Amino acid sequence: MRGHLSKSLTGTLGNPPISEAGRLFLANLLVQLSDRQLHDLFEVAGVDREPEWVAAFKHKRDEIVLAHCAR
């Protein structure tokens, strides 16, 4: 699996490979965020449509949690 990350002018990470261990590490951190923490995160960021962003975040989190990397 590869991350969708455009290479910056000075950086070296263009679409980096993601290992299963890396995906699990991220997934385990993301599932620890409570709904209240997500709400607060987007509220502090000044996002006008906070409930929609929380739902979008949770959807993306579910994709990461349920995915599996070949490596």
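A pocket is an open set of grid points where a 1.4 Å probe fits, with protein on both sides within 12 Å along at least five of seven lines. The views below show a predicted model.

**View 1. The largest pocket of the predicted model.** Its volume is about 270 Å³. The lining includes Met 1, Arg 2, Gly 3 and His 4, together with Ile 18, Gly 22, Arg 23 and Leu 26. Lys 60, Glu 63, Ile 64 and Ala 67 also line this pocket. Helix H1 (20-30) and helix H3 (50-66) each contribute at least two lining residues. Sorted by class, the lining holds five nonpolar, three polar and four charged residues.

**View 2. The buried side of helix H1.** Glu 20, Arg 23, Ala 27 and Leu 30 are the buried residues of H1. They lie on the same side of the helix because they cover an arc of only 90 degrees around its axis. An α-helix has 3.6 residues a turn, so residues three or four places apart point the same way. H3 is among the parts that cover the buried residues of H1.

**View 3. The opposite face of helix H1.** Ala 21 and Phe 25 are exposed on the face of H1 turned away from its buried side.

**View 4. The helices in the whole chain.** The protein chain has three helices and zero strands, in the order α-α-α from the N terminus. The C-alpha trace spans about 35 × 30 × 15 Å along its principal axes. The radius of gyration is 14 Å, whereas a compact globule of 71 residues would have one near 11 Å. Of the 71 residues, 17% count as buried. Among contacts with a separation of 6 or more, 44% join residues 24 or more positions apart.

Key
Residues numbered from 1 in each chain as written. Predicted model: local features only at pLDDT ≥ 70, side-chain atom pairs only at ≥ 80, totals over all residues. Heavy atoms only, no water. 1 Å grid on protein atoms, 1.4 Å probe; cavity = no way out; pocket = protein on both sides within 12 Å on 5 of 7 lines; lining within 4 Å. Points joined across faces, edges and corners; volume = space filled by probe spheres on them. Helix = DSSP H or I, 4+ residues; strand = E, 2+ residues; numbered from the N terminus. Nonpolar A, V, L, I, M, F, W, Y, C, P; charged D, E, K, R; others polar. Buried < 20%, exposed > 50% of the residue type's maximum accessible area, 1.4 Å probe, protein only. Arc of directions from axis to C-beta. Contact = heavy atoms within 4.5 Å. Rg over C-alpha atoms; globule rule 2.2 N^0.38 Å.
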